[in-house]
Amino acid sequence: MTVGIFGGSFNPVHRGHTAIAEGIVSAGLADEVWLTLSPLNPLKAGSTELAADADRLAMLRLAAEGLPGVEVCDIELSMPRPSYSVNTLRKLSELYPETRFRLVIGGDNWRVFDRWRDYETLLRDYPPIIYPRPGEVLEGIPEGIDVCGALPLIDVSSTMVRERVAAGLQVNNLVDSKVYKYIIDHKLYL
């Protein structure tokens, strides 16, 4: 079995995230995609807008409900911080030796991939599946790396969702309805 590890802050998870995960499974690039909550992204360590781990994990679980092949992984919550993808993937490989893991990243992360810890190991042992943002052109992709240009990408970001919530605007078209209810009920991002 091949599992795509789609890590992120998911602050909050939105329809773009779930569309990417579903698209990777539908395209046959992975049997499952695990939305993996990162408690602290080393490249975003200065962020002060991060909702609590428990809230982001709860929203991930709500968003993944009923999506075939899409699961939630909370392994990084029990690992040292900041969380490095290479450590997460090594740990998952130890726990699930029969599973082939691949890293799922956006085109924006591909452009700074050489700044990731042990990125050569990631390229070799966990060949990335890259999804570009709408209109983004990626260059210098080595053999064995998949670019998912045909995914149903939705032009939305977690920052956009947080800004709209803070401004009192609707976001129920940008996030799953259960996630929207969670944000409102828990007064997140106000």
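Visitor: Start with Trp116. Is that one buried or exposed?
Guide: This is a predicted model, to begin with. In it, Trp116 is buried, with a relative accessible area of 16%. The cut-off for buried is under 20%, so Trp116 qualifies.

Visitor: Which residues do ring pairs link into a cluster?
Guide: The cluster consists of Trp110, Phe113, Trp116 and Tyr119, linked by ring pairs.

Visitor: Changing topic. How many salt bridges does the structure hold?
Guide: Nine. One of them joins the side chains of Arg81 and Asp53, at 2.7 Å from N to O. That pair links distant parts of the chain, 28 residues apart: Asp53 is in helix H2 (residues 53–64), and Arg81 is in the loop between strand S3 (70–73) and H3.

Visitor: How exposed is Arg81?
Guide: Arg81 is partly exposed, with a relative accessible area of 44%.

Visitor: What about Arg90, which residue does its side chain meet in a salt bridge?
Guide: Asp118, at 3.7 Å from N to O. This pair also links distant parts of the chain, with Arg90 in helix H3 and Asp118 in the loop between helix H4 (107–111) and helix H5 (119–125), 28 residues apart. Arg90 is partly exposed, with a relative accessible area of 33%. Asp118 is partly exposed too, at 33%.

Visitor: Why would such side chains pair in the first place?
Guide: Side chains of opposite charge can pair when their charged atoms come close.

Visitor: Which side chain does Arg124 meet in a salt bridge?
Guide: The side chain of Asp125, at 2.9 Å from N to O. Arg124 is exposed, with a relative accessible area of 59%, whereas Asp125 counts as partly exposed at 36%.

Visitor: Which residues do salt bridges with shared partners join into one network?
Guide: Asp53, Arg56 and Arg81.

Visitor: Which residues line the largest cavity?
Guide: The lining is made of Ile5, Gly7, Thr36, Glu76, Ser85, Thr88, Leu89 and Leu103. H3 gives the largest share, three residues, and strand S1 (2–8) also supplies at least two.

Visitor: How do those lining residues divide into nonpolar, polar and charged?
Guide: Three are nonpolar, four are polar and one is charged.

Visitor: Pick Thr88 from that list. Where does Thr88 lie?
Guide: Thr88 lies in helix H3 (residues 85–95). At 1% relative accessibility, Thr88 counts as buried.

Visitor: Which residues is Thr88 in contact with, leaving aside its neighbours within four places in sequence?
Guide: Thr36, Ile75, Glu76 and Met79.

Note on methods. Residues are numbered from 1 along each chain as its sequence is written. This is a predicted model: local features need pLDDT of at least 70, side-chain atom pairs count only at pLDDT 80 or more; totals for chains, interfaces and linings use all residues. Side-chain values use heavy atoms; hydrogens and water are left out. Helices (H or I, at least four residues) and strands (E, at least two) are DSSP runs, numbered from the N terminus. Buried means under 20% relative accessible area, exposed over 50%, partly exposed in between (1.4 Å probe, protein chains only). Contact means heavy atoms within 4.5 Å. A salt bridge is a side-chain nitrogen of Lys or Arg within 4 Å of a carboxyl oxygen of Asp or Glu. On a 1 Å grid over the protein atoms alone, a cavity is a set of points where a 1.4 Å probe fits but cannot get out, and a pocket is an open set with protein on both sides within 12 Å along at least five of seven lines; lining residues have an atom within 4 Å of a point. Ala, Val, Leu, Ile, Met, Phe, Trp, Tyr, Cys and Pro count as nonpolar, Asp, Glu, Lys and Arg as charged, and the others, Gly among them, as polar. Rings of Phe, Tyr and Trp (its six-membered ring) pair if their centres lie within 6.5 Å; planes under 30 degrees apart count as stacked, over 60 as edge-to-face and the rest as tilted.
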